[in-house]
Amino acid sequence: LIKEDLFGQKPALGKRLNVNGSSYLIIGIFSDDGGDNEERKAFIPLSTAQMIYGNNDYINQIALGYDPNLSLDDAFGNQMERDLRKKMNIHPDDQSALSVRNMAEANKNVGQFMFILYFIVIVVGSGTLVAGIIGISNIMIFVIKERTKEFGIRKALGAKPSSIVSMVVQESVLITTIAGYIGLSIGTYVLSQIGDSLEEDYFIKDPTVSTGIVVGATIILIISGLIAGYLPAKKAANIKPIVALRAD
């Protein structure tokens with residue numbers, strides 16, 4: 001990013017930069033997955049820095065990696081700060097002498113935020129699913145009302161209540177499955193078109209849907225269809241033939 005800011009599309013290798021009166025030769029350009037902050041840094045050899053700014057061992061910043069599988073306290077953070085303050089005789093109340101930015105704690109906060117976001121998605125998805133079940137139940141109630149005479153004739157001809165329940169439930173599952181697959185197909189297509197475009201602006205990587213989620217959603221759709229169709233089907237199976245034949 002520094003190269004783009006200073007040179008645009010022109011080559012930067014071999015060019016010189018004047019920084020506070022010192023001329024630096026550009027010998028390489030790098031990219032970093034860490035993002036904009038990491039790509040707005042320039043590096044010089046330690047020996048060069050000591051020669052220009054004085055041959056000393058003064059250090060104002062130390063960056064340490066940690067094992068992300070460790071807990072917050074085990075990932076050196078708090079214990080390291082206590083040890084450094086003790087070794088350098090820093091007063092506990094002096095906050096300006098030493099500052100420790102624990103990325104393990106930042107990752108923990110991100111993890112908590114993602115858990116809350118995941119919970120919200122589950123709540124919203126469950127509410128949508130319940131609303132869909134209610135909608136399908138209303139559709140099946142309307143269908144049963146329109147086919148009341150048909151059910152009466154079937155029962156008068158000897159049809160068992162279980163056959164009527166099975167017929168209505170199958171129709172409910174079919175409606176749910178077709179509508180669900182249409183929704184899944186549209187959602188999957190939209191996510192595939194979005195691709196990795198969300199990563200640059202919103203830090204969202206790989207928004208596509210996994211196979212496990214699709215299979216799970218299919219199973220939930222089938223179960224939802226059974227739930228939505230069973231109660232209206234049970235009611236239809238209990239209609240007496242004479243009552244059904246007289247229905248408007």
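Where does Asn20 lie?

## Two asparagines with positive phi

This is a predicted model. Asn20 is in the loop between E1 and E2. Although Asn20 is not a glycine, its phi is positive, at about 55 degrees. Its relative accessibility is 77%, so Asn20 counts as exposed, the cut-off for that class being over 50%.

Asn89 also is not a glycine and has a positive phi of about 55 degrees. The loop that holds Asn89 runs between helix H3 (77-87) and H4. Asn89 counts as exposed because its relative accessibility is 72%.

## The salt bridge

How many salt bridges does a search of the whole structure find? The search finds 1. The partners are the side chains of Asp5 and Arg40, with a distance of 2.4 Å from N to O. Asp5 belongs to helix H1, while Arg40 sits in the loop between E2 and H2, so the pair ties together parts that are 35 residues apart in sequence.

The two partners can also be described by their accessibility. Asp5 has a relative accessibility of 52% and therefore counts as exposed. Arg40 has 45%, so Arg40 counts as partly exposed.

## The largest pocket

The largest pocket has a volume of about 1300 Å³. Its lining is made up of 35 residues, and those closest to the centre of the pocket are Tyr24, Ala42, Phe43, Ile44 and Pro45.

Which helices and strands each supply at least two residues of this lining? They are helix H1 (2-7), strand E1 (16-19), strand E2 (22-25) and helix H2 (46-53). Sorted by class, the lining of the largest pocket holds 22 nonpolar, 8 polar and 5 charged residues.

Phe115, Ile116, Phe119, Ile120, Val123 and Val124 make a nonpolar surface patch of about 610 Å². One of these residues, Val123, is found in helix H4, which covers residues 103-146.

Is Val123 buried, partly exposed or exposed? Val123 counts as partly exposed because its relative accessibility is 45%. A residue needs over 30% relative accessible area to be part of a patch, and Val123, at 45%, is among the residues that make this one.

Note on methods:
Residues numbered from 1 in each chain as written. Predicted model: local features only at pLDDT ≥ 70, side-chain atom pairs only at ≥ 80, totals over all residues. Heavy atoms only, no water. Patch = residues over 30% accessible without salt bridge, like charges linked within 9 Å, V, L, I, M, F, W, Y side chains within 5 Å. Areas by Shrake-Rupley, 256 points an atom, 1.4 Å probe, with all protein chains shown as cover. Salt bridge = Lys/Arg side-chain N within 4 Å of Asp/Glu carboxyl O. Helix = DSSP H or I, 4+ residues; strand = E, 2+ residues; numbered from the N terminus. Buried < 20%, exposed > 50% of the residue type's maximum accessible area, 1.4 Å probe, protein only. 1 Å grid on protein atoms, 1.4 Å probe; cavity = no way out; pocket = protein on both sides within 12 Å on 5 of 7 lines; lining within 4 Å. Points joined across faces, edges and corners; volume = space filled by probe spheres on them. Nonpolar A, V, L, I, M, F, W, Y, C, P; charged D, E, K, R; others polar.
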